[in-house]
Structures are given as C-alpha cells and as structure tokens.
Amino acid sequence: MPRPAVNVAVRAARSAGNIILRYMNRIDGLNVVEKQRMDFASEVDRLAEAEIVKELKRAYPTHAFLAEESGATGKGPLVWVIDPLDGTHNYLRGIPHFSVSIALLDKGEPVYAVVFDPLRDELFTASKGDGAYLNDRRIRVGKRENLGGAMLATGFPYRQRSHLDAQLDMTRAMLGQAEDIRRSGSAALDLAYTAAGRYDGYFEIGLKPWDMAAGVLLVREAGGRYCDFAGRDGIPESGNIVAGNLNVVQAMVDAIGANATPRLLMA
C-alpha cells in the first residue's frame, strides 16, 4: 500500500505531466533559455516545477525543497528533490522520452520516490523498506551475474566534457563484455528501467541530486545497489553514479576503476 507521501508526490507528478503533454504540440513556440553551455530549460520546466511545488507545499508546508529550476528553499531534515522535466533536450527536439522525478530525502537519505513517464503512463514508485513498483506491480532488478550479455545505460557529460576521453575508455571496456549500451537522455528513467530489470546496469558522470534522488531509491528497493565510481555506497556528491544488481555493479566498478581518472574516483 503506497504511503501518504507517495500519493501526494504521485498527484504532483501527474499534474506536472499534464502540463508537459499540453505543450508538446507547441514546442517551436516555447521560450527556451541556456542556463549554461548546452544546458537548456524551457517555460514548461518552470511551469511543471511550480505545479509540483504547489502540490507538495499544500500537504507539507514545513518541508524544504531542492528543485532544478528554483534551487533550494526552506531548511530542515526533510527535503523534496524535484526534476520537473528530466530529459529536456529530448523534449525540445520532439524525442518521446522524458520524465518527472520527485524524491523525499530524510537527512540526505531517500525515503520516497516517484518517477513518472507521462507519454507511456508509466508510474515508478518506491518507499524505503516497502519495495519498488511500476503501476502497482512489484519490480526487481535483473538477475545477470556479470557484464556478459548485459544491457547497460549511460549518458554523456555535456556539463563536463573534460571527462569525455575517460568515459569513452570506460564505455569501451564495458562494451567488450556487455551486449550493448543505451544512451536515452533521461537519467531518472535510466534508473527506473534498471530497477525494473529493463537495463542490467547504469553509469553516468556528473549528475545533479535531482537527476538521481528518486531513481536510486527505486533501484535499492528493487533489490539493487547504487554507489560512486570507487564503489562507495550512497548518493555520490561527485554525481558519478553506478547502479544495478550487486554483481553487475561490482563488475562495472571494476571496469570503471581500470579506466577512470583519479578525479573521477574522488568522493
């Protein structure tokens, strides 16, 4: 049975999803700003985020917020971490793969998570200790024992192109064993798909908290593990994330460790 906080987050995610879908046929007319090099936001991101914050504040007025567009507001141990449109680059190009990501952190630990794909009406939810679900069906990470034949996912660091050579080396090492690697453009959905066993593992450089806060809880509650590139468990301050089942994560950490720069292995 979903916890009350998850139900509130689901309502907020669905409301944001309605806004996102409403503007899909008007993409060419959207006001788009470049926050930094190759990092874009549209008025849809801001409208969706405002809707999410409004819904959550109505239920939890004393909680703090960390949202991609509006930043950090409020103080306290309970913090809602929000990405109103994860996959903005896809959305602005008409590529049908993006999501809404909402997580509640308690003293930095994710305790509730929602990742919503409004196009496919796929709702991924998790509560700490209660498991992970896709549209009310329990999900589990895949059972693969190593990288042999694995389907992996990643993203390329447009914010940190200085790491591109190292990422290509890591990718090459994993592709020597894995079946294939996907790069879909939504970290939240990559993590949700890993939790559901669609992907066997996922790794990426330089994520922000809102990119992964919900997805990592889905992975953990689906029986998996997440860590940084050096194998340290927990949400990495570096943003360098590895996720999957225990065996695949260890194999990925080994491959990364043999090819990453010292900077990428830092906490």
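Is asparagine 135 buried, partly exposed or exposed? Asparagine 135 is partly exposed, with a relative accessible area of 39%; buried means under 20% relative accessible area, exposed over 50%, and partly exposed in between (1.4 Å probe, protein chains only). The model is predicted: local features need pLDDT of at least 70 and side-chain atom pairs count only at pLDDT 80 or more, while totals for chains, interfaces and linings use all residues. Residues are numbered from 1 along each chain as its sequence is written, and side-chain values use heavy atoms, with hydrogens and water left out. Helices (H or I, at least four residues) and strands (E, at least two) are DSSP runs, numbered from the N terminus.

- Helix α1 covers residues 4–22, has 19 residues and reaches 27 Å from its first C-alpha to its last, close to the 27 Å expected at 1.5 Å a residue; the expected span of a helix is 1.5 Å times one less than its number of residues.
- The buried residues of α1 are Ala5, Val6, Val8, Ala9, Val10, Ala12, Ala13, Ser15, Ala16, Gly17, Ile19 and Ile20.
- The elements covering these buried residues include α2 (43–59), β5 (78–86), α3 (88–92), β6 (99–106), β7 (109–117) and β8 (122–127).
- Helix α2 has 17 residues and reaches 25 Å from its first C-alpha to its last, close to the 24 Å expected at 1.5 Å a residue.
- In α2, the buried residues are Val44, Asp45, Ala48, Glu49, Glu51, Ile52, Val53, Glu55 and Leu56.

**Arginine 14 and aspartate 121**

- Arginine 14 is located in helix α1 and is partly exposed, with a relative accessible area of 32%.
- Not counting residues up to four places away in sequence, arginine 14 touches Phe116, Asp121 and Leu123, where contact means heavy atoms within 4.5 Å.
- Arginine 14 and alanine 173 are 159 residues apart in sequence and 39 Å apart in space, C-alpha to C-alpha.
- Aspartate 121 is found in the loop between β7 and β8, and its relative accessible area of 39% makes it partly exposed.
- The phi of aspartate 121 is near 55 degrees, a positive value in a residue other than glycine.

**Helices α5 and α6**

- The axes of helix α5 (residues 187–195) and helix α6 (residues 209–221) come within 8 Å and cross at roughly 0 degrees; axes are lines fitted to C-alpha atoms, for helices over the stretch in contact, and angles run from 0 to 180 degrees between N-to-C directions.
- α5 and α6 are therefore roughly parallel to each other; angles under 35 degrees count as roughly parallel, over 145 as roughly antiparallel, 65 to 115 as roughly perpendicular and the rest as oblique.
- Their contact is made by Ala187, Ala188, Leu191, Ala192, Thr194 and Ala195 of α5 and by Asp211, Met212, Gly215, Val216, Leu218 and Val219 of α6.
- By class, this contact has nine nonpolar, two polar and one charged residues; Ala, Val, Leu, Ile, Met, Phe, Trp, Tyr, Cys and Pro count as nonpolar, Asp, Glu, Lys and Arg as charged, and the others, Gly among them, as polar.
- Nine of the nine residues of α5 are buried, so α5 is largely enclosed by the rest of the structure.
- Glycine 197, which follows α5, has a positive phi near 80 degrees.

**Tryptophan 210**

- Tryptophan 210 lies in helix α6 and is buried, with a relative accessible area of 15%.
- Apart from neighbours within four places in sequence, tryptophan 210 is in contact with Leu66, Ala67, Glu68, Val81, Ile82, Asp83 and Ser101.
- Tryptophan 210 and glutamate 68 are 142 residues apart in sequence and 6.5 Å apart in space, C-alpha to C-alpha.

**Helices α4 and α7**

- The axes of helix α4 (residues 164–175) and helix α7 (residues 246–257) come within 9 Å and cross at roughly 130 degrees.
- α4 and α7 are therefore oblique to each other.
- The contact is made by Met170, Ala173 and Met174 of α4 and Met252, Ala255 and Ile256 of α7.
- The residues of this contact divide into six nonpolar, no polar and no charged.

**Asparagine 135**

- Asparagine 135 sits in the loop between β9 (131–134) and β10 (137–138).
- The phi of asparagine 135 is near 50 degrees, a positive value in a residue other than glycine.
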